[in-house]
Amino acid sequence: MPAVSKGDGMRGLAVFISDIRNCKSKEAEIKRINKELANIRSKFKGDKALDGYSKKKYVCKLLFIFLLGHDIDFGHMEAVNLLSSNKYTEKQIGYLFISVLVNSNSELIRLINNAIKNDLASRNPTFMCLALHCIANVGSREMGEAFAADIPRILVAGDSMDSVKQSAALCLLRLYKASPDLVPMGEWTARVVHLLNDQHMGVVTAAVSLITCLCKKNPDDFKTCISLAVSRLSRIVSSASTDLQDYTYYFVPAPWLSVKLLRLLQCYPPPEDAAVKGRLVECLETVLNKAQEPPKSKKVQHSNAKNAILFETISLIIHYDSEPNLLVRACNQLGQFLQHRETNLRYLALESMCTLASSEFSHEAVKTHIDTVINALKTERDVSVRQRAADLLYAMCDRSNAKQIVSEMLRYLETADYAIREEIVLKVAILAEKYAVDYSWYVDTILNLIRIAGDYVSEEVWYRVLQIVTNRDDVQGYAAKTVFEALQAPACHENMVKVGGYILGEFGNLIAGDPRSSPPVQFSLLHSKFHLCSVATRALLLSTYIKFINLFPETKATIQGVLRAGSQLRNADVELQQRAVEYLTLSSVASTDVLATVLEEMPPFPERESSILAKLKRKKGPGAASALDDGRRDASSNDINGGVEPTPSTVSTPSPSADLLGLRAAPPPAAAPAPAGAGNLLVDVSSEGPAAQPGLGPTPEEAFLSELEPPAPESPMALLADPAPAADPGSEDIGSPIPEADELMNKFVCKNNGVLFENQLLQIGVKSEFRQNLGRMYLFYGNKTSVQFQSFTPTVVHPGDLQTQLAVQTKRVAAQVDGGAQVQQVLNIECLRDFLTPPLLSVRFRYGGAPQSLTLKLPVTINKFFQPTEMAAQDFFQRWKQLSLPQQEAQKIFKATHPMDAEVTKAKLLGFGSALLDNVDPNPENFVGAGIIQTKALQVGCLLRLEPNAQAQMYRLTLRTSKEPVSRHLCELLAQQF
């Protein structure tokens with residue numbers, strides 16, 4: 001590169017930069033910039049022609065102003081003119097300005113392309129490099145079309161300088177990544193491969209990057225690179241640090257090139273040529289040997305470079321999976337890193353060993369490090385390292401160590417981070433099922449899972465244990481006894497009640513001979529949990545009670561009394577009410593034989609792939625399938641799964657509010673059709689979905705939504721309109737919400753009805769009602785003008801991952817809204833999981849021919865799905881202590897923004913959704929509340945305490961829930977209301 005002469009220092013630019021740095025305020029800086037822009041504009045428009053130096057100086061100033069964050073709308077033509085200069089510094093500034101400021105769609109691109117063509121044809125290596133850099137930096141399709149054919153020719157030309165070859169290779173790589181179809185494959189591809197033999201290491205490094213990218217799409221065209229890459233790698237690995245002085249980094253020869261070559265080789269299977277393969281194995285052994293040598297420097301750069309090559313070598317060994325000796329050596333080397341003081345090395349070692357564990361050659365070697373991995377799971381400070389340790393334990397598990405690994409993972413689960421608990425639960429459930437030596441151990445393990453981390457035990461887990469117990473006669477008695485004992489605990493998770501209700505309803509007779517678990521005792525134990533459970537669990541327990549009448553006739557009078565109680569026959573939930581009425585009638589009018597037929601034991605479920613494994617695959621992503629589908633099955637293995645071919649895409653997961661009792665579901669395919677009143681105590685969670693069959697009543701969702709009394713629609717046909725699906729989050733550019741969107745939404749945190757938005761054209765009103773995890777919202781769009789709105793399109797959009805957390809079904813509205821008229825839109829809402837961001841409402845229409853658009857935040861917040869819970873003071877404080885982890889609590893002390901009125905505060909807390917508990921807090925001025933957030937996937941218990949200080953006009957708000965993000969979010973929402 002030419003040296004910059006002393007006269008090119010551009011003193012005017014230095015003075016301007018100094019003035020900007022000396023400005024005392026933003027206003028002073030803007031004033032100085034505006035003055036300079038006016039001066040530059042006058043110089044460019046003046047009659048006197050500017051010389052190259054002046055143009056360069058002024059263009060530099062414009063570039064500096066742009067980098068400060070100010071818009072530049074002139075000077076582009078002057079920068080293009082600099083490209084025709086023969087001075088390096090002037091041409092360099094021109095290219096720099098164009099690379100930074102010129103848009104790829106600019107009208108100047110054609111002029112720029114002409115200048116670039118001239119420089120590429122000049123054979124001046126400096127100018128050619130500048131032109132290639134500009135092409136790569138702009139990278140537009142138009143530039144690619146103009147130069148895609150020229151750059152390969154420059155790259156393989158025999159007279160091209162080394163620096164030009166480097167720039168051409170990297171420029172071609174940039175164009176290929178941006179538009180692969182523009183780079184033609186041709187005879188030049190074979191010549192590019194031979195650049196791996198180039199004497200200049202920089203050219204080889206650039207060529208390897210290009211070939212690695214190209215060969216992923218066209219592997220056959222670049223297959224000859226394998227032998228050349230092995231040859232080059234061999235020369236680097238066997239060289240001393242003094243042989244490649246210009247490319248030696250802290251005593252490590254060419255580490256970046258070595259890593260690139262190893263990655264290139266991972267694009268292909270092991271070499272077929274025995275000589276090439278032998279030379280490659282020798283290289284890999286040399287790298288492993290050098291890893292054992294004492295370091296030549298204590299500096300971290302030396303160890304980083306050395307370890308980078310080592311880990312890429314191990315990745316190549318794992319990729320080939322054909323050299324047992326190398327695989328075992330790689331495993332032993334990684335084992336040394338498991339106790340390294342550097343956290344990143346421990347993480348990488350655990351990650352690589354997870355892959356090694358799936359190889360038949362190295363699995364046993366990985367198992368020798370089980371104690372070290374277990375210790376890492378217990379003692380590591382970094383959660384990501386602990387997660388990799390859990391992954392490795394899962395990967396190395398087999399029948400010989402399953403009990404030890406499952407035991408350690410259960411022990412870790414008690415203190416595990418909330419972010420990974422669900423994944424740990426799934427892995428424990430899969431390992432317990434896959435390697436169960438006896439089914440009693442499997443049942444114990446799953447019940448322990450529910451006891452330790454019940455909130456994270458998904459439906460797939462407890463559905464699966466019920467399927468297995470139903471299918472195995474030898475474990476039914478043990479399961480009934482174990483679950484009966486588990487239900488006797490003072491604090492029992494709802495999932496345990498579900499499992500207990502099903503198993504005792506089916507197999508309670510197997511333990512009824514023991515006076516300690518007699519039928520009345522079983523019923524009393526289950527019914528003591530009834531009032532604490534959700535609607536779905538109560539529905540399951542009612543089916544258990546009717547099963548008890550068949551199994552234990554002596555309990556008939558007691559159970560009929562429960563079913564006859566007003567709290568059941570007049571229950572607000574139509575599902576519970578209907579079941580109570582039908583079960584009471586069935587038990588009263590049916591004979592013993594009819595009852596025995598209707599309520600006979602559940603038939604076995606058809607064997608298929610565990611839905612737990614399918615869920616873990618979905619959670620880990622498609623790339624994890626190979627790691628989860630462990631091919632190391634013992635020949636003697638007798639998996640509970642049955643080894644059926646995986647069909648994860650066909651797994652359906654019923655919601656907690658779904659028909660868990662099977663009253664609306666078709667029986668399993670393998671079973672005979674069940675009588676109408678019996679139903680299955682468990683739907684087939686692994687099937688493609690129940691066949692359509694007339695049910696005994698509406699679903700809880702239908703029942704709830706039918707209870708709402710919507711305002712009268714404009715016409716009867718409005719209710720028959722097809723529901724419009726909620727918009728895909730990425731389907732269109734809806735723009736950002738209006739600035740006051742948060743403020744408008746916050747007004748609805750503690751109320752359900754009101755005006756959401758109003759301007760001179762449009763008024764949007766909201767009326768909504770929520771119950772459990774379901775809701776219905778009515779949006780009223782009022783045209784305040786006398787002109788008709790055309791193309792009126794309201795759309796609900798889920799930002800980010802909200803679509804997996806909240807389901808919103810919308811009904812279409814008329815595309816025209818007459819002046820002074822109002823239209824109504826119905827939204828059916830289901831909360832699938834806890835969520836933090838509300839859905840967006842995008843309203844678009846044409847008014848007087850002009851397009852109008854508006855984006856608001858829908859007032860759907862997580863507290864809308866609160867179910868108030870009454871608690872005694874003792875129960876409240878017991879639960880408060882259970883939620884004592886720092887992650888479970890959110891607290892905020894804030895200044896009151898509204899007058900502190902006790903009645904208003906009470907009304908807001910009730911509107912927020914929680915139940916207010918009297919005589920709980922020792923200070924009568926404080927407010928205490930409790931509730932359960934109902935979602936389809938799980939329930940989140942919530943306790944709150946609000947302490948007002950009227951003298952200081954301050955509040956202290958404390959919230960405790962079982963999920964950290966929910967605690968923080970609820971605390972923020974509620975604090976804004978006071």
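This briefing describes salt bridges, surface patches, cysteines and backbone angles in one structure.

The model is predicted: local features need pLDDT of at least 70, side-chain atom pairs count only at pLDDT 80 or more, and totals for chains, interfaces and linings use all residues. Residues are numbered from 1 along each chain as its sequence is written, and side-chain values use heavy atoms, with hydrogens and water left out. The structure holds 37 salt bridges, and a search of the whole structure finds zero disulfides. Helices (H or I, at least four residues) and strands (E, at least two) are DSSP runs numbered from the N terminus. Buried means under 20% relative accessible area, exposed over 50%, and partly exposed in between, with a 1.4 Å probe and protein chains only. Accessible areas come from the Shrake-Rupley method with a 1.4 Å probe, and for residues only the protein chains shown count as cover.

**Salt bridges**

- A salt bridge is a side-chain nitrogen of Lys or Arg within 4 Å of a carboxyl oxygen of Asp or Glu.
- Side chains of opposite charge can pair when their charged atoms come close.
- Arg141 and Asp181 form a salt bridge through their side chains, at 2.6 Å from N to O. Arg141 belongs to helix α8 (residues 141-147) and Asp181 to the loop between α10 and α11, so this pair ties together parts that are 40 residues apart in sequence.
- Arg141 is partly exposed at 39% relative accessibility, while Asp181 is exposed at 53%.
- Lys367 takes part in a salt bridge with Glu364, where the closest N and O atoms are 3.4 Å apart. Glu364 and Lys367 are three residues apart in helix α19 (residues 363-367), which means that about one helical turn separates them.
- Lys367 also meets Asp398 in a salt bridge of 2.9 Å, N to O. Asp398 lies in the loop between α21 (383-396) and α22 (402-413) and Lys367 in helix α19, so the pair ties together parts that are 31 residues apart in sequence.
- Lys367 and Asp398 are both buried, and the relative accessible area of Lys367 is 15%.
- A network of salt bridges links Asp19, Arg32, Glu36 and Lys61.

**Surface patches**

- Patches are made of residues with over 30% relative accessible area and no salt bridge; like charges are joined within 9 Å, and nonpolar side chains (Val, Leu, Ile, Met, Phe, Trp, Tyr) within 5 Å.
- Lys and Arg count as positive and Asp and Glu as negative, while His and the chain ends are not counted. The place of a charge is taken as NZ of Lys, CZ of Arg, CG of Asp or CD of Glu.
- A patch of negative charge on the surface brings together Asp473, Asp474, Glu600 and Glu601.
- Asp474, one of these residues, is part of helix α26 (residues 473-487). Asp474 is exposed, with 61% relative accessible area.
- Phe66, Leu67, Leu96 and Val100 make a nonpolar surface patch of about 340 Å². At least two residues of the nonpolar patch come from each of α3 (52-67) and α5 (88-101).
- Val100 sits in helix α5 and is partly exposed, with a relative accessible area of 35%.

**Cysteines**

- A disulfide is a pair of cysteine sulfur atoms within 2.5 Å.
- For the sulfur of Cys971, the closest cysteine sulfur is in Cys942, at 9.9 Å, too far for a bond.
- Cys971 is buried, at 3% relative accessible area. Cys60 is also buried, at 10%.

**Backbone angles**

- Most residues other than glycine have a negative phi, and most peptide bonds are trans.
- Ala254 is not a glycine, yet has a positive phi of about 40°. Ala254 lies in the loop between β2 (252-253) and α14 (255-265) and is buried at 5% relative accessibility.
- Ser791, a residue other than glycine, has a positive phi near 50°. Ser791 lies in strand β7 (residues 789-797) and is partly exposed, with a relative accessible area of 42%.

**A loop glycine**

- Gly186 is in the loop between α10 (162-178) and α11 (188-193). Gly186 is partly exposed at 32% relative accessibility.
- The C-alpha atoms of Gly186 and Asp221 are 9.2 Å apart in space, and the two residues are 35 residues apart in sequence.
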